[in-house]
Amino acid sequence: MAEIASLRPQANVPALNGNRLEVVTFTLGEEEYGIDIQKVQELRGYDAVTRIANAPEFIKGVVNLRGIIVPIIDMRIKFALGTPTYDQFTVVIVLNIGGRVVGMVVDSVSDVITLSAEQIKPAPEMGSSLDTDYLIGLGTLEERMLILVDIDRLMSSDEMGLIEKIAT
């Protein structure tokens with residue numbers, strides 16, 4: 001745990017299980033990302049959402065998931081990765097973060113992988129051109145490189161705090 005914690009001491013680093021981190025991998029455009037599997041409640045296909053007036057563009061709207069109103073965030077729009085397309089591969093990753101349920105639209109979900117502490121490298125400093133506050137680091141797995149997102153920190157940021165207002 002100390003090895004991971006030292007990468008981003010201010011980040012809410014996921015707990016390592018036996019010095020390993022299990023992540024769900026997903027794609028946005030050409031890049032592959034990973035989030036802590038313990039935050040994932042379920043995976044669903046993309047369905048129509050109910051739009052909310054005056055919501056930021058990245059908040060697609062809300063859905064009723066078994067009686068719970070869930071805000072749906074399009075990560076391609078949030079990360080400014082071009083115009084999203086919704087097809088049979090589009091997935092909503094339903095997250096449970098601090099008791100709050102949020103849906104995250106991604107292009108596709110790849111798989112679940114386990115990374116050791118040695119496979120997680122610190123995110124490089126990119127200056128003001130890229131906000132690395134929401135990154136745990138980069139996961140390396142053979143020829144693949146995963147951008148590891150600190151989903152707790154991202155979803156509880158001031159900007160995303162709008163989600164709580166919309167959902168209530």
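Visitor: What is a salt bridge here, before we start?
Guide: A salt bridge is a side-chain nitrogen of Lys or Arg within 4 Å of a carboxyl oxygen of Asp or Glu. This is a predicted model, where local features need pLDDT of at least 70, side-chain atom pairs count only at pLDDT 80 or more, and totals for chains, interfaces and linings use all residues. Residues are numbered from 1 along each chain as its sequence is written, and side-chain values use heavy atoms, with hydrogens and water left out.

Visitor: How many salt bridges does the structure hold?
Guide: There are 6.

Visitor: Which residue does Asp107 meet in a salt bridge?
Guide: Arg76, at 2.5 Å from N to O. Helices (H or I, at least four residues) and strands (E, at least two) are DSSP runs, numbered from the N terminus.

Visitor: Is Asp107 buried or exposed?
Guide: Buried, at 16% relative accessibility. Arg76 is buried too, at 13%. Buried means under 20% relative accessible area, exposed over 50%, partly exposed in between (1.4 Å probe, protein chains only).

Visitor: New topic. What does Arg144 pair with?
Guide: Asp111, with the closest N and O atoms 3.4 Å apart. Arg144 is in strand 11 (residues 144-149) and Asp111 in strand 8, 33 residues apart. Arg144 is partly exposed at 28%, and Asp111 is partly exposed at 30%.

Visitor: Which residues are linked with them in a network?
Guide: Glu32 joins Asp111 and Arg144 in a network of salt bridges.
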